[in-house]
Amino acid sequence: FGRLFLAGDAAHIVPATGAKGLNLAVADVYVLARAIVAWYRTGSRALLDRYSETCLKRVWRAQDFSNYMSAMLHRYPGQDPFRDRLQRARLEAACTMDEAARALATNYVGLPLP
């Protein structure tokens, strides 16, 4: 907002699970540092103006992955048989399909920096 830029946990509206918090914070600082350097060097506010948009794409991808992992790995009280089968299908796909395993690994290890 204006000249205030939030990074890390202060900037994220929901916490990431699966050890994603620090990765997101580092990515925020990386994006913000590049934007500040560009502003000092060129006077351009373009990267500063896109800071939130740039970071939120990554944050929401991490949130989606955290939700996916939680739904795949954790049983919830009162979970019905339909959810049990969905959970098992997700886990089987991650263990037997190359594409699913690659997507899981990419999201788990870390998304590329913008």
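Contact here means heavy atoms within 4.5 Å. The model on display is predicted.

**First stop: two helices**

Select helix 3, residues 51–73, together with helix 4, residues 81–96. Their axes approach to within 8 Å and cross at roughly 110 degrees. Since angles of 65 to 115 degrees count as roughly perpendicular, helix 3 is therefore roughly perpendicular to helix 4.

Next, show the side chains where the two helices touch. From helix 3, select Y68, A71, M72 and L73; these meet Q87, R90, L91 and A94 of helix 4. Colouring this contact by class gives 6 nonpolar residues, 1 polar residue and 1 charged residue.

**Second stop: the cavity**

How many cavities of 30 Å³ or more does a search of the whole structure find? The search finds 1. The largest cavity holds about 80 Å³ of space.

To display its surroundings, select K20, N23, L24, R58, R61, A62, F65, N107, G110 and L111, which line the largest cavity. Helix 1 (21–42) and helix 3 are the elements that give two or more residues to this lining. Which element gives the most? Helix 3 does, with 4 residues.

Finally, colour the lining of the largest cavity by class: 4 residues are nonpolar, 3 are polar and 3 are charged.

Technical notes. Residues numbered from 1 in each chain as written. Predicted model: local features only at pLDDT ≥ 70, side-chain atom pairs only at ≥ 80, totals over all residues. Heavy atoms only, no water. Axes fitted to C-alpha atoms, helices over the stretch in contact; angles between N-to-C directions. Parallel < 35°, antiparallel > 145°, perpendicular 65-115°, else oblique. Nonpolar A, V, L, I, M, F, W, Y, C, P; charged D, E, K, R; others polar. 1 Å grid on protein atoms, 1.4 Å probe; cavity = no way out; pocket = protein on both sides within 12 Å on 5 of 7 lines; lining within 4 Å. Points joined across faces, edges and corners; volume = space filled by probe spheres on them.
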